[in-house]
Amino acid sequence: IVEDEISSSNPIKYLRFEAQADDIIGLRMTRTSNTLDAFLAITDADLNELVTVDDALGSQNAVIDDFRVPATGIYYVIATRSGRENGTTTGRFRLEYQALGNAFDGVPAEAQRIAYGTTVTGRIDDITPQALFAFYGTEGDAITISLNRGDGDLDPVVSILSGDLIELTRDDDSGGGQNSRIARYVVPRSGLYYIRAARYDGVDGNRNTQGSFVLVLARTPS
(Lines give C-alpha, C1' and ligand atoms only; values in the text may rest on other atoms or scores of the structure.)
Protein backbone atom coordinates (compact mmCIF):
# COMPACT_ATOMS: atom_id res chain seq x y z
CA ILE A 1 0.00 0.00 0.00
CA VAL A 2 1.35 3.41 -1.04
CA GLU A 3 -0.11 6.81 -0.22
CA ASP A 4 1.06 9.82 -2.22
CA GLU A 5 -0.11 12.95 -4.02
CA ILE A 6 -0.64 14.05 -7.62
CA SER A 7 0.02 17.77 -8.00
CA SER A 8 0.42 20.25 -10.84
CA SER A 9 4.18 20.20 -10.37
CA ASN A 10 4.42 16.40 -9.99
CA PRO A 11 1.56 14.79 -11.95
CA ILE A 12 3.06 11.29 -12.47
CA LYS A 13 4.39 8.71 -10.01
CA TYR A 14 6.38 5.62 -11.02
CA LEU A 15 6.53 2.48 -8.89
CA ARG A 16 8.70 -0.53 -9.72
CA PHE A 17 7.93 -4.20 -9.11
CA GLU A 18 9.33 -7.59 -10.13
CA ALA A 19 7.17 -10.55 -11.09
CA GLN A 20 7.33 -14.02 -12.60
CA ALA A 21 5.72 -15.07 -15.88
CA ASP A 22 1.98 -15.70 -15.45
CA ASP A 23 1.76 -14.03 -12.03
CA ILE A 24 -1.62 -12.36 -11.52
CA ILE A 25 -1.53 -8.73 -10.33
CA GLY A 26 -4.28 -6.47 -8.99
CA LEU A 27 -4.05 -2.68 -8.59
CA ARG A 28 -6.45 -0.17 -7.10
CA MET A 29 -5.87 3.61 -7.08
CA THR A 30 -8.34 5.48 -4.88
CA ARG A 31 -8.64 9.25 -4.50
CA THR A 32 -8.47 10.34 -0.86
CA SER A 33 -8.64 14.13 -1.26
CA ASN A 34 -9.48 16.98 -3.63
CA THR A 35 -10.57 16.42 -7.25
CA LEU A 36 -8.07 13.80 -8.44
CA ASP A 37 -9.32 11.74 -11.41
CA ALA A 38 -7.09 8.69 -11.05
CA PHE A 39 -5.38 6.99 -14.00
CA LEU A 40 -3.31 3.77 -13.85
CA ALA A 41 -0.97 2.00 -16.23
CA ILE A 42 1.35 -1.00 -16.10
CA THR A 43 4.45 -0.91 -18.31
CA ASP A 44 7.35 -3.23 -19.10
CA ALA A 45 10.93 -2.39 -18.16
CA ASP A 46 11.21 -0.12 -21.22
CA LEU A 47 8.06 1.80 -20.19
CA ASN A 48 5.98 0.33 -23.02
CA GLU A 49 2.42 0.41 -21.70
CA LEU A 50 0.75 -2.99 -21.40
CA VAL A 51 -2.58 -1.98 -19.86
CA THR A 52 -4.20 1.34 -18.90
CA VAL A 53 -7.39 2.25 -17.08
CA ASP A 54 -9.08 5.51 -16.22
CA ASP A 55 -12.45 5.44 -14.45
CA ALA A 56 -13.60 2.29 -12.65
CA LEU A 57 -17.32 1.55 -12.28
CA GLY A 58 -18.27 5.14 -13.07
CA SER A 59 -16.06 6.59 -10.31
CA GLN A 60 -12.90 8.67 -10.57
CA ASN A 61 -10.85 5.81 -9.15
CA ALA A 62 -8.82 3.35 -11.26
CA VAL A 63 -8.70 -0.44 -10.94
CA ILE A 64 -6.72 -3.09 -12.83
CA ASP A 65 -8.05 -6.57 -12.05
CA ASP A 66 -6.29 -9.85 -12.81
CA PHE A 67 -3.41 -8.55 -14.94
CA ARG A 68 -1.35 -11.55 -16.09
CA VAL A 69 2.37 -10.87 -16.23
CA PRO A 70 3.61 -11.85 -19.72
CA ALA A 71 7.23 -12.68 -18.79
CA THR A 72 9.53 -12.77 -15.79
CA GLY A 73 11.13 -9.37 -15.22
CA ILE A 74 10.80 -5.79 -14.03
CA TYR A 75 7.62 -3.76 -14.48
CA TYR A 76 6.40 -0.29 -13.55
CA VAL A 77 3.12 1.09 -12.29
CA ILE A 78 2.29 4.59 -13.51
CA ALA A 79 -0.01 6.37 -11.08
CA THR A 80 -1.24 9.64 -12.52
CA ARG A 81 -4.39 11.57 -13.45
CA SER A 82 -6.69 11.65 -16.45
CA GLY A 83 -4.85 13.69 -19.08
CA ARG A 84 -1.53 13.02 -17.38
CA GLU A 85 0.73 16.10 -17.75
CA ASN A 86 -2.13 17.95 -19.46
CA GLY A 87 -4.67 17.01 -16.80
CA THR A 88 -6.02 19.48 -14.28
CA THR A 89 -7.17 17.42 -11.29
CA THR A 90 -5.02 17.07 -8.17
CA GLY A 91 -5.16 15.35 -4.82
CA ARG A 92 -3.89 12.56 -2.62
CA PHE A 93 -4.38 8.90 -3.45
CA ARG A 94 -4.03 5.43 -1.99
CA LEU A 95 -2.51 2.75 -4.22
CA GLU A 96 -3.02 -0.92 -3.31
CA TYR A 97 -0.93 -3.60 -5.02
CA GLN A 98 -1.97 -7.25 -4.73
CA ALA A 99 -0.06 -10.34 -5.80
CA LEU A 100 -2.86 -12.83 -6.51
CA GLY A 101 -0.75 -15.92 -7.17
CA ASN A 102 0.23 -17.51 -10.45
CA ALA A 103 -2.16 -18.40 -13.26
CA PHE A 104 -0.83 -21.97 -13.27
CA ASP A 105 -0.82 -22.64 -9.53
CA GLY A 106 -2.12 -26.15 -8.87
CA VAL A 107 -1.83 -27.36 -12.46
CA PRO A 108 -1.25 -31.16 -12.53
CA ALA A 109 2.32 -32.15 -13.37
CA GLU A 110 1.18 -34.04 -16.49
CA ALA A 111 -0.56 -30.98 -17.98
CA GLN A 112 1.59 -29.09 -20.49
CA ARG A 113 1.27 -25.28 -20.41
CA ILE A 114 0.36 -23.69 -23.73
CA ALA A 115 -0.79 -20.28 -24.97
CA TYR A 116 -2.82 -18.80 -27.83
CA GLY A 117 -1.06 -19.45 -31.12
CA THR A 118 0.45 -22.76 -29.97
CA THR A 119 0.72 -25.95 -32.05
CA VAL A 120 1.67 -29.15 -30.22
CA THR A 121 1.90 -32.81 -31.15
CA GLY A 122 1.37 -35.98 -29.16
CA ARG A 123 0.06 -39.51 -29.24
CA ILE A 124 -3.09 -41.20 -28.00
CA ASP A 125 -2.96 -44.97 -27.42
CA ASP A 126 -3.81 -47.60 -24.82
CA ILE A 127 -0.93 -46.47 -22.60
CA THR A 128 -1.79 -42.75 -22.89
CA PRO A 129 -5.53 -42.53 -23.67
CA GLN A 130 -5.63 -38.75 -23.22
CA ALA A 131 -3.40 -35.67 -22.93
CA LEU A 132 -4.07 -32.54 -20.86
CA PHE A 133 -2.99 -28.99 -21.74
CA ALA A 134 -3.36 -25.93 -19.50
CA PHE A 135 -3.86 -22.39 -20.83
CA TYR A 136 -4.89 -19.01 -19.49
CA GLY A 137 -8.04 -17.64 -21.13
CA THR A 138 -9.06 -14.01 -21.15
CA GLU A 139 -12.73 -13.13 -20.71
CA GLY A 140 -14.46 -12.41 -24.02
CA ASP A 141 -11.79 -13.96 -26.23
CA ALA A 142 -13.12 -16.22 -28.99
CA ILE A 143 -10.86 -19.25 -29.37
CA THR A 144 -10.71 -22.12 -31.83
CA ILE A 145 -9.17 -25.50 -31.00
CA SER A 146 -8.36 -28.09 -33.66
CA LEU A 147 -7.34 -31.67 -32.89
CA ASN A 148 -6.28 -33.54 -36.05
CA ARG A 149 -5.05 -37.08 -36.56
CA GLY A 150 -1.44 -37.42 -37.65
CA ASP A 151 -1.14 -41.14 -38.26
CA GLY A 152 -2.81 -44.39 -37.25
CA ASP A 153 -6.58 -44.68 -37.09
CA LEU A 154 -7.06 -42.16 -34.27
CA ASP A 155 -10.59 -40.75 -34.01
CA PRO A 156 -9.77 -37.64 -31.91
CA VAL A 157 -12.11 -35.97 -29.42
CA VAL A 158 -11.30 -32.54 -27.94
CA SER A 159 -12.77 -30.91 -24.84
CA ILE A 160 -12.42 -27.62 -22.97
CA LEU A 161 -12.37 -27.96 -19.20
CA SER A 162 -12.66 -25.35 -16.46
CA GLY A 163 -9.87 -24.78 -13.95
CA ASP A 164 -11.70 -27.30 -11.75
CA LEU A 165 -11.47 -29.90 -14.56
CA ILE A 166 -15.21 -29.73 -15.28
CA GLU A 167 -16.02 -30.24 -18.96
CA LEU A 168 -17.46 -27.08 -20.55
CA THR A 169 -17.76 -28.24 -24.16
CA ARG A 170 -16.49 -31.02 -26.44
CA ASP A 171 -16.40 -32.04 -30.08
CA ASP A 172 -15.83 -35.25 -32.00
CA ASP A 173 -16.05 -34.87 -35.79
CA SER A 174 -16.56 -31.16 -36.62
CA GLY A 175 -13.06 -30.89 -38.12
CA GLY A 176 -13.87 -33.26 -40.99
CA GLY A 177 -12.32 -36.65 -41.66
CA GLN A 178 -12.90 -37.75 -38.06
CA ASN A 179 -10.92 -34.73 -36.82
CA SER A 180 -12.36 -32.58 -34.04
CA ARG A 181 -12.75 -28.81 -33.84
CA ILE A 182 -14.25 -26.36 -31.35
CA ALA A 183 -14.83 -23.10 -33.23
CA ARG A 184 -15.16 -19.63 -31.67
CA TYR A 185 -15.66 -20.70 -28.08
CA VAL A 186 -16.03 -17.48 -26.05
CA VAL A 187 -14.08 -17.56 -22.79
CA PRO A 188 -16.64 -16.81 -20.04
CA ARG A 189 -14.17 -15.34 -17.53
CA SER A 190 -10.43 -14.80 -17.24
CA GLY A 191 -8.60 -17.68 -15.63
CA LEU A 192 -7.15 -21.15 -15.97
CA TYR A 193 -8.59 -23.62 -18.50
CA TYR A 194 -7.63 -27.03 -19.83
CA ILE A 195 -7.81 -28.75 -23.20
CA ARG A 196 -8.25 -32.50 -23.14
CA ALA A 197 -7.09 -34.40 -26.21
CA ALA A 198 -8.65 -37.87 -26.23
CA ARG A 199 -10.23 -40.43 -28.55
CA TYR A 200 -13.63 -41.83 -29.32
CA ASP A 201 -14.03 -44.86 -27.08
CA GLY A 202 -14.52 -48.20 -28.80
CA VAL A 203 -18.09 -49.46 -28.44
CA ASP A 204 -20.09 -52.46 -29.69
CA GLY A 205 -16.97 -54.61 -29.90
CA ASN A 206 -14.90 -52.04 -31.82
CA ARG A 207 -11.38 -51.50 -30.50
CA ASN A 208 -10.20 -48.10 -29.33
CA THR A 209 -8.45 -46.04 -32.00
CA GLN A 210 -4.89 -44.76 -31.60
CA GLY A 211 -2.29 -42.64 -33.33
CA SER A 212 -0.50 -39.30 -33.27
CA PHE A 213 -2.26 -35.92 -33.21
CA VAL A 214 -1.69 -32.24 -33.91
CA LEU A 215 -3.38 -29.76 -31.55
CA VAL A 216 -3.78 -26.06 -32.39
CA LEU A 217 -5.04 -23.39 -29.97
CA ALA A 218 -5.80 -20.08 -31.67
CA ARG A 219 -7.51 -16.85 -30.73
CA THR A 220 -10.09 -16.15 -33.43
CA PRO A 221 -10.09 -12.57 -34.83
CA SER A 222 -13.28 -10.67 -34.04
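These legends accompany close-up views of a predicted model.

**View 1. The largest nonpolar core gathers 21 residues.** Start with Ile114, Phe133, Ile143, Ile145, Ile195, Phe213 and Leu215, the residues with the most contacts inside this core. Then follow the strands around them: β10 (118–124), β11 (131–137), β12 (142–149), β13 (156–162), β15 (180–186), β16 (191–199) and β17 (211–219) each provide at least two core residues. Apart from this core lies another, made of 20 residues, including Ala19, Ala62, Ile64 and Ala79. As a rule to keep in mind, nonpolar side chains in soluble globular proteins tend to be buried together.

**View 2. Phe213 and its contacts.** Which residues does Phe213 touch, leaving aside those up to four places away in sequence? You can look for Val120, Thr121, Gly122, Arg123 and Ile124, then Ala131 and Phe133, and finally Leu147, Asn148, Gly150, Leu154 and Ala197.

**View 3. Phe17 and Tyr75 form a stacked pair.** Searching the whole structure turns up five aromatic pairs. In this one, the ring centres are 5.8 Å apart and the planes meet at 25°; the pair counts as stacked because planes under 30 degrees apart fall into that class. Phe17 belongs to strand β2 (residues 13–19) and Tyr75 to strand β7 (residues 73–81), so the pair ties together parts that are 58 residues apart in sequence. Are these two residues buried or exposed? Phe17 is buried, with 8% relative accessibility, and Tyr75 is buried too, at 5%. Ring pairs also bring in Tyr97, linking Phe17, Tyr75 and Tyr97 into a cluster.

View 4. Phe133 sits in strand β11 and Phe213 in strand β17, so their pairing ties together parts that are 80 residues apart in sequence. Both Phe133 and Phe213 are buried, and you have already met them among the residues with the most contacts inside the largest nonpolar core.

**View 5. Asn102 reaches the backbone of Asp22.** Asn102 is found in strand β8 (residues 91–102). How does it come to count as buried? Its relative accessible area is 18%, and Asn102 is buried because the cut-off is under 20%. The side chain of Asn102 comes to 3.5 Å from the backbone oxygen of Asp22. Setting aside residues up to four places away in sequence, Asn102 touches Ala21, Asp22, Asp23, Ile24 and Arg113.

Methods. Residues are numbered from 1 along each chain as its sequence is written. This is a predicted model: local features need pLDDT of at least 70, side-chain atom pairs count only at pLDDT 80 or more; totals for chains, interfaces and linings use all residues. Side-chain values use heavy atoms; hydrogens and water are left out. A nonpolar core is a set of buried Ala, Val, Leu, Ile, Met, Phe, Trp, Tyr and Cys residues joined through side-chain atoms within 4.5 Å. Buried means under 20% relative accessible area, exposed over 50%, partly exposed in between (1.4 Å probe, protein chains only). Helices (H or I, at least four residues) and strands (E, at least two) are DSSP runs, numbered from the N terminus. Contact means heavy atoms within 4.5 Å. A polar contact is a pair of N or O atoms within 3.5 Å; within protein, one must be able to donate a hydrogen and the other to accept it, and residues adjacent in sequence count only if both atoms are side-chain atoms. Rings of Phe, Tyr and Trp (its six-membered ring) pair if their centres lie within 6.5 Å; planes under 30 degrees apart count as stacked, over 60 as edge-to-face and the rest as tilted.
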